[in-house]
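Hi there,

My notes on what turned up follow below it.

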Amino acid sequence: MKPERWKQIEQLYDAALERNADRRASFLDQACEGDEELRREVASLLASDEQAGSFLAAPATEVMARSVAAEGASSLIGRLIGAYQVQSLLGAGGMGEVYLARDIRLGRKVAIKVLTAFIAQDVDRLRRFEREARAISALNHPNILTVYDIGAYEGLPYIVAELLEGQELRAQLPPTAEAGALPLRMALGYAQQVAHGLAAAHEKGVVHRDLKPENLFVLADGRVKILDFGLAKLKPHGEAGLDSQAAAQNQLTDPGAVMGTVGYMAPEQVRGHETDHRADIFAFGVILYEMFSGRRPFVGESPIEVMNAILKEEPPELGEANVKISPQLEKIVRRCLEKRPERRFQSTSDLCFALEALSMPSGSALTTTTNALEATKRGRRRELGAWIAAGVFAARRNSRRTGVGLLTSRMNRAAMKSTCSRSPRTASWEPTRNASQRVAAANHASGATGGNCFTSPPTGR
Amino acid sequence: MPSSHEVTQLLLAWSDGDQAALEQLTPLVYRELRRLARGYMRQERPGHILQTTALINEAYLRLIDWKQVHWRNRAHFFGVAAQLMRRILVDFARARQQDKRGGGAGQVSLDEAAAVSVERSAEFIALDEALGRLAAIDPRRSLMVELRFFGGLSEEETAEALKVSPRTVRREWSLARAWLHRELKREEPEGGK
């Protein structure tokens with residue numbers, strides 16, 4: 001095509017577009033002055049413009065990524081990651097996806113978490129994470145998820161761990177304040193187990209930094225395991241702008257996601273100061289508060305409000321929500337929730353002892369208002385032997401399956417006694433979305449792209 | 001994993017004709033692509049539009065150290081980045097198509113590409129070719145599409161790269177898009193030439 005011709009087409013096209021659609025035909029008739037070919041060319045381009053819809057509206061990367069998303073919902077399934085054959089998706093959460101996999105060397109089933117949310121760009125951070133993972137796996141503590149292996153798959157860090165059956169503590173907590181607290185004994189059992197796990201980790205200098213009910217996993221037998229130790233450190237901090245932008249996006253799209261994390265931050269974390277194990281103690285206090293009262297201690301309409309509450313507000317007394325709360329327990333929770341780290345429990349072992357004292361027969365911590373509780377206390381010494389035996393049995397049975405340590409500690413008694421009312425399911429870290437939801441999401445992504453792959457959803461940019 | 005600083009260096013090297021740089025950049029883009037795809041799979045729900053833009057911007061920022069670019073020629077760099085994205089994405093589509101046909105296996109690491117359908121890939125390739133034809137008629141419009149569509153640049157950034165006003169970009173975009181859309185329609189089986 002000659003440049004002059006193209007120039008002509010361009011001018012007529014632009015001029016026609018400036019006119020109302022119903023005037024364009026007569027305009028072209030007039031402007032083309034019998035040049036039928038020119039008229040046809042411009043008219044066909046105008047028609048094409050009308051048909052184009054959102055053609056090329058979204059960038060190519062997005063189009064391609066959507067294609068991949070639409071059809072590759074389970075793209076890791078069937079792949080060999082290290083020595084692990086990925087079999088099915090167990091769940092997906094903020095930091096990555098958890099798959100059921102088979103260790104081809106040992107022939108056992110494992111859970112593998114691929115941290116797809118970020119790329120291991122920061123080598124230092126990844127090394128620190130590896131160091132902590134090693135420290136944690138060396139603990140071999142019954143209340144901490146057993147990590148078998150770590151590595152990187154095409155730049156994505158992954159963690160291989162024991163496969164657990166049960167549910168997140170989050171699933172057991174009441175969705176609304178009206179629904180009430182957890183049964184006292186059950187809550188105390190969970191609390192003691194988590195405290196023991198935390199204490200063991202803190203002793204080795206490993207801090208969790210993202211303790212929340214989503215990271216506490218309750219097994220079918222009532223044992224609790226802390227998940228995702230050290231993962232919080234992998235989250236990018238350097239890109240503050242991006243972080244806040246992403247947080248804002250999340251807030252708009254999924255308020256629960258940000259609120260969920262924000263609500264467990266210690267004041268020093270909110271301020272962006274250096275944190276140590278006492279931040280975990282604070283988060284633990286929030287979890288205690290939630291378990292015992294059925295309410296969140298720090299609430300707000302937005303993450304900012306929640307953070308503000310964490311910095312400034314004193315939560316209402318636990319006893320207000322749950323009359324069975326003893327002053328001793330109240331005091332423990334308060335001490336965990338102190339704004340200043342130096343006023344909290346300074347060591348997690350101290351916290352453990354304090355919680356242990358609550359359930360001692362001599363302690364009057366659990367209030368004596370319920371007859372049932374009295375009866376339990378009277379019967380406790382007699383039952384003790386039986387519980388220990390049961391605990392060992394449970395641990396042995398479990399160890400064969402998952403390689404957990406042999407002895408469950410004394411603190412597990414209460415938890416084991418209180419059986420989980422909800423039906424357990426196979427799950428692991430952050431199983432927040434099931435497969436069908438994912439398929440639905442993928443379908444949505446593909447459906448939105450319509451007939452042509454370069455069109456974007458009408459609501460797009 | 002290279003830092004965004006290194007990525008920027010690689011991009012500049014590539015724009016100076018260093019083909020080896022492309023080999024190092026390609027897997028990074030593939031990885032970003034897959035990361036994005038995972039983002040969509042995980043987060044996409046009806047009515048949640050903002051996510052998209054955020055992810056794209058993030059992907060772009062992740063790959064390039066813009067601060068480093070700033071004192072150099074930003075407009076030129078926009079062009080280089082867009083050209084690179086076009087090259088890699090079209091290669092991705094092409095390789096995927098080959099893979100489906102059972103040929104060319106082993107040429108490129110195609111793990112990441114394994115999920116794109118042949119049809120979509122074909123559209124990418126068709127667009128790339130149509131863009132080549134447009135370049136023969138109207139180089140600026142062709143470049144504009146490369147910048148906006150493949151480079152993911154905004155109207156303003158595209159204007160900056162082309163050294164024209166955003167208004168001009170807006171006006172000229174329409175014809176470019178209409179022309180390309182028509183070209184792609186023509187290539188559909190029933191359409192004929």
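In which sense do strand E4 and strand E6 of chain A pair, and over how many bridges? Strand E4 (residues 109-114) and strand E6 (residues 156-161) of chain A run antiparallel, and four bridges join them. One pair to look for is Ile112(A), which sits opposite Val160(A) in E6(A). Before you go further, please keep in mind that this is a predicted model.

E4(A) has another partner as well. Strand E3 (residues 97-103) of chain A pairs with E4(A) in the antiparallel sense too, over six bridges. Here Glu97(A) faces Val114(A), and Arg102(A) is placed opposite Lys109(A).

Now for chain A as a whole. It contains 18 helices and 10 strands. Of its 461 residues, 44% are buried. Among the contacts in chain A with a separation of 6 or more, 67% are between residues 24 or more positions apart.

Two loop residues in chain A deserve a look for their backbone angles. Most residues other than glycine have a negative phi. Leu56(A) is not a glycine, yet its phi is positive, at about 65 degrees. You will find Leu56(A) in the loop between helix H3 (36-52) and helix H4 (60-71) of chain A. Leu56(A) counts as buried because it has 22 C-beta neighbours inside 10 Å, and the cut-off is 20 or more.

The other one is Asp228(A), also not a glycine, with a positive phi near 60 degrees. Asp228(A) belongs to the loop between strand E9 (224-226) and helix H8 (240-253) of chain A. With 26 other C-beta atoms within 10 Å, Asp228(A) is buried.

Over in chain B, have a look at helix H7 (residues 139-150) and helix H8 (residues 155-162), whose axes come within 10 Å and cross at roughly 135 degrees. The two helices are therefore oblique to each other. H7(B) passes H8(B) in a right-handed crossing. On the H7(B) side the contact is made by Arg140(B), Leu143(B), Met144(B), Leu147(B) and Arg148(B). H8(B) contributes Thr158(B), Ala161(B) and Leu162(B).

Finally, a word on confidence. Chain A has a mean pLDDT of 72, and 65% of its residues reach 70 or more. Over residues 362-453 of chain A the pLDDT is below 50, and this stretch has 152 contacts in the model beyond near neighbours in sequence. Residues 236-260 of chain A also stay under 50, and the model gives them 27 contacts beyond four places in sequence.

Key: Residues are numbered from 1 along each chain as its sequence is written. Chains are lettered from A and ligands numbered from 1 in the order in which they are written. This is a predicted model: local features need pLDDT of at least 70, side-chain atom pairs count only at pLDDT 80 or more; totals for chains, interfaces and linings use all residues. A residue is buried if 20 or more other C-beta atoms lie within 10 Å of its own, exposed if 12 or fewer, and partly exposed in between; C-beta atoms are placed from the backbone. Two residues are in contact if their C-beta atoms, placed from the backbone, lie within 7 Å. Two strands pair if DSSP finds at least two bridges between them. pLDDT is the predictor's confidence in each residue, from 0 to 100. Axes are lines fitted to C-alpha atoms, for helices over the stretch in contact, and angles run from 0 to 180 degrees between N-to-C directions. Angles under 35 degrees count as roughly parallel, over 145 as roughly antiparallel, 65 to 115 as roughly perpendicular and the rest as oblique. A crossing is left-handed if the near helix is turned anticlockwise from the far one by less than a right angle, and right-handed if clockwise.
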